[in-house]
Amino acid sequence: MVALGEGMKIRPQRLQVWKREGRTIAMLTAWDWLWARLLDRAGVDVILVGDSLAMVALGHETTLPLTLDQVVHHAQAVCRGVERSLVVVDLPFLSYQASVEQAIASAGRILKETGAQAVKVEGGYGLMATTVTRLTEVGIPVMGHVGLTPQSVHKLGYRQQGGTQDGGDRILQEAIALEQAGAFAIVLEHMPEDLATTITQKLSIPTIGIGAGNGCDGQVLVTADMLGLTEKSPPFAKVYDDLGNRVVESVESYISEVRSRQFPRSPLE
Ligand code: KIV
């Protein structure tokens, strides 16, 4: 555990130094002050206010309904709980794909109103590479995201990407385009391990894998998945705890003690 206040605030450039040093990056998601504080205390390097919060915190079927206002609200809470970790915020669906101007306005709002240091965008070709170039030119650090991109669920599904020669080449080209556009790091989601390893070796910026094997410069999981808080987690997510069931058991004990008048004790201790 890292004590609050210990160590310096992590900046995006630090991740590139760590790649050169061979120090692996640990990233997790958070959606409110409570979880952000716990993750920061534990010493996670990067906290992602991922748009997965639409599913794990707001109960939507996909990430698509999330709005920019909602992301700003959650990112503000996360940033209030973080001292050391780098905070990256997902730009929600259709808050950046329409035009470069729209992306600058949305990303600018996130940096100005939340205190986060960077944004994440999905996809890497054409307008997205131009968008990343402009965002970095105006001083907004951008993390890319290729492979399975959940905002394209209606086009791609939640299937592994890059399994064919063409598919793999396309993802590699997207990653290269993002690096050339100025992205400081890239998430590689749900793709074959050898493809993710090749991308990692070809890029000088760090790759952070999720369902992409062990050859990336870092790893990310959705915190609710890795703690056993979700009812169904993706097959590649390692579940480190059974917190969902433990919460239910604790609440059942409380209910039973209230009903049997075991709690509170009288006189109060
Ligand atoms: O929204 C999210 O949680 C993400 C991770 C899966 C990388 O984008």
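The largest pocket of this predicted model has a volume of about 900 Å³. Its lining comprises 36 residues, and those nearest the centre of the pocket are Ser 52, Met 55, Val 222, Asp 225 and Pro 234. By class, the lining of the largest pocket consists of 18 nonpolar, nine polar and nine charged residues.

Several elements of secondary structure contribute to this lining. At least two lining residues come from each of the strands β1 (25–29), β6 (185–189) and β8 (218–221), and the helices α3 (53–56) and α10 (223–226) likewise each supply at least two.

The ligand takes up the space of this largest pocket. Around the ligand stand Thr 29, Leu 48, Gly 50, Asp 51, Ser 52, Asp 90, Lys 120, His 145, Glu 189, Ile 210 and Val 222. This shell divides into three nonpolar, four polar and four charged residues. Ser 52 and Val 222 belong to the residues around the ligand and also to those nearest the centre of the pocket.

| Residue | Side-chain atom | Ligand atom | Distance |
|---|---|---|---|
| Asp 51 | polar atom | oxygen | 3.1 Å |
| Asp 90 | N or O atom | oxygen | 3.1 Å |
| Lys 120 | polar atom | oxygen | 2.9 Å |

Taken alone, the ligand exposes 260 Å², of which the protein buries 96%.

Two features of the backbone also deserve mention. Most residues other than glycine have a negative phi, and most peptide bonds are trans. His 190 has a positive phi, near 45°, although this residue is not glycine. The peptide bond joining Phe 263 and Pro 264 is cis, with omega about -5°. Pro 264 is found in the segment that comes after α11 (243–259).

Note on methods:
Residues numbered from 1 in each chain as written. Predicted model: local features only at pLDDT ≥ 70, side-chain atom pairs only at ≥ 80, totals over all residues. Heavy atoms only, no water. Near = heavy atom within 4 Å. Polar contact = N/O pair within 3.5 Å; in protein donor to acceptor, adjacent residues only side chain to side chain. Areas by Shrake-Rupley, 256 points an atom, 1.4 Å probe, with all protein chains shown as cover. 1 Å grid on protein atoms, 1.4 Å probe; cavity = no way out; pocket = protein on both sides within 12 Å on 5 of 7 lines; lining within 4 Å. Sits in = over half its atoms within 2 Å of the grid points. Nonpolar A, V, L, I, M, F, W, Y, C, P; charged D, E, K, R; others polar. Points joined across faces, edges and corners; volume = space filled by probe spheres on them. Helix = DSSP H or I, 4+ residues; strand = E, 2+ residues; numbered from the N terminus.
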